[in-house]
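Subject: Handing over the structure

Dear colleague,

I am passing this structure on to you, and the notes that follow it set out what was found. Please look through the sequence and the structure before you read on.

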Amino acid sequence: MSALAAANLGIETVIYCPEPDSPASQVVKTTINGAYDDEAKLKEFADQVDYISYEFENIPVSTVEFLEKNKPVYPKASLLQASQDRIEEKTFLNNIDIPTAQWAAPKKPQDVLDTLNVWDAKECILKTARFGYDGKGQARHTGDTDIETLWTQFEGQTLIMEEIVAFTCEVSVIVARDVNGKIVHYGPMLNEHKNHILSKTVLPAPLDKDICDEAIHLTERLAKHIGLKGVLTLELFVTADNGLLANEIAPRTHNSGHWSIDACAHSQFENHVRAVCDLPVLGPARHSDCEMLNLIGDDVEKLDDMLQTDKACVHIYGKHDVKPGRKMGHITILK
Ligand code: AMP
């Protein structure tokens, strides 16, 4: 989707990825297939482009650092690093006064029980510090769970424990910041998950203006603090007392902003390309309220109704294998 937005601006995109026939490769002229640690291939790639960006946070920081020596890469490796490790991420957020759920970094099972005592709580969520997403790499510890057994399930990975937030809803805000420090935002969006995977996004989020303003304010603070050039997303919980707790940073365009292709004059992808390529970012100029529905797994095979629905904008990603839990496309329904 970024490559399509770039093409609209007359900017040619070269894709670098390990897998042949990736969705992005289907809409660009040149793809270089190589491993993330193949320096010769990475150099060949960097030699062909003026600016580099990425849209997936599970690539090694060392890959971005290598590319940074060759061409400008945005967002910077330091943001990628913070977003890859939940302990670094939460430390970083708390240091700039962005509140999160209570958390701790237990080294052994007994630490979990000791921390729960301090919190005066019986339950928590254990997550792997690295490489977890869409609920992968996490488990709930309840009063009935045997913590030793749960701990072994994580096979020696570094863990973070978090209080269970009794949130009323989940929201996200996406910001784009350009070379001159101008910031534009999308949202906040109201996000509904099924099996920990984003299922539906609603725009505008039906929340008080104060909460919406605060969510935007926190995300902008984050972007300014790191001197962002590019796009980032902050995912937040709204609590029963109308507070906000940040859950995750994504250093990229985000699934909860895909509606912006159809409901805005300037999508998150266009602003991503603009920010990275030293062009000014523009306010989204949203012209429609909307709902975005993700097509997960075999949802993509049941499109007949949607293909006949007015104002339903269907996007299919061109992934060849339909797998349960795999995001295969999305539909934006304009109101
Ligand atoms: P994550 O992988 O951290 O984005 O978590 C996936 C989903 O799990 C979130 O969107 C929430 O629905 C839920 N979740 C994660 N952390 C917590 C928490 N501390 N308290 C309650 N629910 C959570």
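**Around the ligand**

An oxygen atom of the ligand is 3.2 Å from an N or O atom in the side chain of Gln138, a polar contact in the sense used here, namely a pair of N or O atoms within 3.5 Å, where within protein one must be able to donate a hydrogen and the other to accept it, and residues adjacent in sequence count only if both atoms are side-chain atoms. Taken alone the ligand exposes 480 Å², and the protein buries 93% of that, with accessible areas coming from the Shrake-Rupley method with a 1.4 Å probe and, for residues, with only the protein chains shown counting as cover.

Please bear in mind that this is a predicted model, in which local features need pLDDT of at least 70 and side-chain atom pairs count only at pLDDT 80 or more, while totals for chains, interfaces and linings use all residues. Residues are numbered from 1 along each chain as its sequence is written, and side-chain values use heavy atoms, with hydrogens and water left out.

In total 17 residues surround the ligand, the closest being Arg86, Lys127, Glu163, Val165 and Glu170; a residue counts as near when one of its heavy atoms lies within 4 Å of the molecule. The shell divides into five nonpolar, five polar and seven charged residues, where Ala, Val, Leu, Ile, Met, Phe, Trp, Tyr, Cys and Pro count as nonpolar, Asp, Glu, Lys and Arg as charged, and the others, Gly among them, as polar.

Helices (H or I, at least four residues) and strands (E, at least two) are DSSP runs, numbered from the N terminus. In helix H5, residues 86–95, the buried residues are Arg86, Ile87, Glu89, Lys90, Phe92 and Leu93, buried meaning under 20% relative accessible area, exposed over 50%, and partly exposed in between (1.4 Å probe, protein chains only). Asp85 caps the N-terminal end of H5, with a side-chain oxygen 2.8 Å from the backbone nitrogen of Ile87. After H5 comes Asp97, whose phi is positive, and Asp97 is exposed, with a relative accessible area of 60%.

Leu222 is in contact (heavy atoms within 4.5 Å) with residues including Phe92, Leu93 and Ile249, not counting residues up to four places away in sequence.

His193 lies in strand E8 and counts as partly exposed, at 33% relative accessibility. The side chains of His193 and Glu170 are joined by a polar contact of 3.2 Å. Pro188 is also found in strand E8, and a cis peptide bond joins Gly187 to Pro188, with omega about 10°. Another cis peptide bond joins Tyr74 and Pro75, with omega about -10°, and Pro75 is found in the loop between H3 and H4.
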